[in-house]
Amino acid sequence: MQRSRLRIAQTDCVLANFEENLAQHRTMIEQAIEDDIHAIAFPELSLTGYNVQDAAQDIALHVDDKAFDPLKELSREITIICGGIELSDDYGVYNSAFLFEDGHAQSAHRKIYLPTYGMFEELRYFSAGQKIEAVTSRRLGKIGIAICEDMWHVSVPYLLAHQGAKLLFVLMSSPLRLTPGEKKPAIVQQWQQIISTYSFLFSSYVACVNRVGNEDSFTYWGNSSVAGPDGINLVTAPLFKQHCIDTIIDLDSVKQARLHSSHFLDEDLRLFAAELRDIMTCRPD
């Protein structure tokens, strides 16, 4: 069974400064290579910062842009997952996750669910992704990538897991929302429940990669983590601090979890699809 050393890079970044953020990525990736890490993952929009607003159109890059060449070159020795603003072939602007491996780059996921409520305005600046698709990594096996709000919609990890992803990533830029009197912010507890629940229900690894730092009125809380296929947390980064955490992704653990409890394998996809078709047919306009 495949075993991979994964590093989660819980980072801060500089808003709308691709070059400075790229330099930080390169430094951390080079260190990971020196540490014999097989794959490294960064948070949502790690190359650009989150609250870019109208600047999104100006700093969006096509996945084949030469600006990504340093990451492509480094990916000959390590698999890299990071977040950035993607310019599509038809000039759509997306909040995307990029995968760099063996000298190649690909857009591995475009964020589907763009929050536009409360403090969030993403739908004003980004197009919504229209595809949920697991991807194959030579070093990690079949993986699925979601971006922040996507993971609040069970359809996303559900479909990725049933497409064969045994390691699910969620790249995040989750800001703090405090309620007076809270000892631990509710948003932190909610994310911990989401990660634990999905990892157990889908008998898969789930890696949560959140950022830290401040942008305007946003404070990002970190606390990145990886849960095993039994739903038990394996490793956690601290709140509010830049930090790296390492763990072993051992696909034999997925095998053992699914042999121990076959609830994921017993899912009736045909029944689910039929009932979903009925819902869509009967739903009023």
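Which residue forms a salt bridge with Asp12, and how far apart are the closest N and O atoms?

## Basis of the report

This is a predicted model, in which local features need pLDDT of at least 70 and side-chain atom pairs count only at pLDDT 80 or more, while totals for chains, interfaces and linings use all residues. Residues are numbered from 1 along each chain as its sequence is written, and side-chain values use heavy atoms, with hydrogens and water left out.

The partner of Asp12 is Arg211, with the closest N and O atoms 2.7 Å apart. Arg211 lies in the loop between strand E9 (205-209) and strand E10 (212-215), and Asp12 in the loop between strand E1 (3-10) and helix H1 (18-34), so the pair ties together parts 199 residues apart in sequence. Helices (H or I, at least four residues) and strands (E, at least two) are DSSP runs, numbered from the N terminus.

Arg211 is buried at 1% relative accessibility, whereas Asp12 is partly exposed at 26%. Buried means under 20% relative accessible area, exposed over 50%, and partly exposed in between (1.4 Å probe, protein chains only).

## Further salt bridges

The structure holds 16 salt bridges, each defined as a side-chain nitrogen of Lys or Arg within 4 Å of a carboxyl oxygen of Asp or Glu. Among them, Lys72 pairs with Asp69 at 3.9 Å between the closest N and O atoms. These two residues are three apart in helix H3 (residues 69-74), and are therefore separated by about one helical turn. Lys72 is buried at 16%, and Asp69 is partly exposed at 35%.

Glu121 and Arg124 also meet in a salt bridge (3.1 Å, N to O). Glu121 is partly exposed at 29%, while Arg124 is exposed at 56%.
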